[in-house]
Amino acid sequence: MTWRGRLVTLAVVASLLPVLPRCCASDPANDPNAILEVSVACRELTNGTTHERVLITAYRPLFESDRKRDYLDAEGRKLHTLQEFLDDRAPYVSVGMDPTVGVPYGTEACVPELNRHFRRPVRLRVTDHHEDLRGGAYRRLEICVRTQEDSYDDAVNLLQATLVLGAPRDE
């Protein structure tokens, strides 16, 4: 194709652009900003309980350890890291909570501050219970990250976050 042919094709496509968004601009179901806003605010967990002022910290799997508990979750399954989730290589991010509060394995969780930071819904699941978190109740949440360097990221070390817990999910 010559440069004139490309120019004509570009002109035709450019002339159609004002027409395309009008087809569904009035329909909120097709508005990507509306869908993102719901997910960022954690409103998809309609039956969720909200906990304010939660301390969020990071932990990483210790694959070099002899104890399987250091690199597997509470039911002996693989831990899913935040970085794997962001790379679309994991269905959710493993998080840990205080074992004494009785949050069931697989409970969906949402942190609006994380969603806003990453500009997408970050699916969290409570799949781990650490003895280090004993006594933290709903005021502490640990997010699984890939490496020690990733654990220093400000996004996963929040002092005043909001935690929304949904219903338990079966794997």
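Select Val111 first: at 0% relative accessibility, Val111 counts as buried. Buried means under 20% relative accessible area, exposed over 50%, and partly exposed in between, with a 1.4 Å probe and protein chains only. Val111 sits in the loop between β3 (107-110) and α4. Helices (H or I, at least four residues) and strands (E, at least two) are DSSP runs, numbered from the N terminus.

Before going on, note that this is a predicted model: local features need pLDDT of at least 70, side-chain atom pairs count only at pLDDT 80 or more, and totals for chains, interfaces and linings use all residues. Residues are numbered from 1 along each chain as its sequence is written, and side-chain values use heavy atoms, with hydrogens and water left out.

**Stop 1: around Val111**

Show the contacts of Val111, where contact means heavy atoms within 4.5 Å. Leaving out residues up to four places away in sequence, Val111 touches Cys42, Ile56, Leu124, Leu141, Ala161, Thr162 and Leu163. Val111 and Thr50 are 61 residues apart in sequence, and their C-alpha atoms are 9.7 Å apart in space.

**Stop 2: the nonpolar core**

Which residues have the most contacts inside the largest nonpolar core? Select Ile56, Val111, Leu124, Leu141, Ile143 and Leu163; the core has 23 residues. At least two core residues come from each of β1 (49-59), α3 (82-86), β2 (93-97), β4 (124-129), β5 and β6. The largest share, four residues, comes from β6. A nonpolar core here is a set of buried Ala, Val, Leu, Ile, Met, Phe, Trp, Tyr and Cys residues joined through side-chain atoms within 4.5 Å.

Stay on Leu124. Not counting residues up to four places away in sequence, Leu124 touches Val93, Val95, Thr107, Glu108, Ala109, Cys110, Val111 and Leu114.

**Stop 3**

Move to strand β1 and pick His51. Is His51 buried or exposed? His51 is buried, with a relative accessible area of 17%. Beyond its neighbours within four places in sequence, His51 is in contact with Tyr138, Ala161, Thr162, Leu163 and Leu165.

Next, select Tyr138, in the loop between β4 and β5. Tyr138 is partly exposed, at a relative accessible area of 30%. Its contacts, leaving aside neighbours within four places in sequence, are His51, Val54, Met97, Val101, Val103, Leu163 and Leu165. Thr50 returns here: Tyr138 and Thr50 are 88 residues apart in sequence and 9.6 Å apart in space, C-alpha to C-alpha.

**Stop 4: Ser151**

Go to the loop between β5 (140-144) and β6 (158-168), and select Ser151. Ser151 is buried, with a relative accessible area of 16%. Not counting residues up to four places away in sequence, Ser151 touches Ala58, Val145, Val156 and Asn157.

**Stop 5**

Most residues other than glycine have a negative phi. Return to strand β1 for Arg53. Arg53 is not a glycine, yet has a positive phi of about 55°. Arg53 is exposed, with a relative accessible area of 62%.

Then select Arg119, in the loop between α4 (112-118) and β4. Phi of Arg119 is near 55°, a positive value in a residue other than glycine. Arg119 also counts as exposed, at 70% relative accessibility.

**Stop 6: the largest pocket**

Rolling a probe the size of a water molecule over the atoms shows where empty space is left. Which residues lie nearest the centre of the largest pocket? Select Arg67, Arg69, Asp70, His130 and Asp132, which are among the 15 lining residues. The pocket has a volume of about 280 Å³. Its lining has five nonpolar, two polar and eight charged residues.

**Last stop: the whole chain**

Zoom out and colour by secondary structure. The protein has four helices and six strands. Along the sequence they follow the pattern α-α-β-α-β-β-α-β-β-β. Of the 171 residues, 39% count as buried. Among contacts with a separation of 6 or more, 78% join residues 24 or more positions apart.

Notes:
On a 1 Å grid over the protein atoms alone, a cavity is a set of points where a 1.4 Å probe fits but cannot get out, and a pocket is an open set with protein on both sides within 12 Å along at least five of seven lines; lining residues have an atom within 4 Å of a point. Grid points are joined across faces, edges and corners, and a volume is the space filled by probe spheres set on the points. Ala, Val, Leu, Ile, Met, Phe, Trp, Tyr, Cys and Pro count as nonpolar, Asp, Glu, Lys and Arg as charged, and the others, Gly among them, as polar.
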